[in-house]
Amino acid sequence: MRAYVAAAAAVQVLCTVAPFLSKHLYSVTPVVAQVPNDFTPSPSVDEVSAVFSMPLSYFLDTHRHIHWDVKSKTTPRKCYRVHSFDYQGFIVWGLTAQILIHVAQLALGRPAAFEVDHPSNTTSSRNASRM
């Protein structure tokens with residue numbers, strides 16, 4: 001228990017980001033934090049398949065980015081965009097990719113080089129409304 005307390009004390013929380021709603025209607029509030037360079041993660045094997053580092057700028061560039069559009073089951077004539085990034089054989093997709101795109105835009109101060117939202121999203125764009 002002491003190791004976790006010491007590790008938590010070394011983490012510097014930078015900000016929280018407005019909540020995202022998952023497709024299963026879970027509210028997810030991202031917390032952005034800086035961890036020390038010597039941080040050694042110890043993830044739950046039941047929840048995490050791999051731990052790796054990836055440049056934040058990667059989530060704004062078209063390199064190895066793909067997306068697909070999915071029709072909303074609850075709102076007629078609306079679709080949502082699912083993003084996926086391949087980095088050194090690791091795949092980041094779905095809600096995790098959506099959150100990291102948004103965090104990258106905030107942290108780096110520039111928009112993504114691709115359309116983040118599906119054109120049927122009439123709220124002008126989540127990018128503009130969240131920045």
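Are Phe85 and Phe114 buried or exposed? In this predicted model, Phe85 is buried, and Phe114 is buried as well.

**Aromatic pairs**

The structure contains 5 aromatic pairs. Two of them are set out below.

| Pair | Centre to centre | Angle between planes | Arrangement |
|---|---|---|---|
| Phe52 and Phe90 | 4.2 Å | 10 degrees | stacked |
| Phe85 and Phe114 | 6.1 Å | 55 degrees | tilted |

The pair of Phe52 and Phe90 links distant parts of the chain, 38 residues apart. Phe52 belongs to the loop between β4 (31-34) and β5 (65-71), whereas Phe90 belongs to strand β7 (residues 90-93). Phe52 has a relative accessible area of 30%, so this residue is partly exposed. Phe90 also has a relative accessible area of 30% and is therefore partly exposed.

The planes of Phe85 and Phe114 stand at 55 degrees, and the pair is therefore tilted. Phe85 is located in strand β6 (residues 79-87), and Phe114 in the loop between α2 (94-108) and α3 (126-130), so this pair ties together parts that are 29 residues apart in sequence. Both residues also take part in a cluster, in which ring pairs link Phe59, Phe85 and Phe114.

Conventions: Residues numbered from 1 in each chain as written. Predicted model: local features only at pLDDT ≥ 70, side-chain atom pairs only at ≥ 80, totals over all residues. Heavy atoms only, no water. Phe/Tyr/Trp six-rings, centres within 6.5 Å; stacked < 30°, edge-to-face > 60°. Helix = DSSP H or I, 4+ residues; strand = E, 2+ residues; numbered from the N terminus. Buried < 20%, exposed > 50% of the residue type's maximum accessible area, 1.4 Å probe, protein only.
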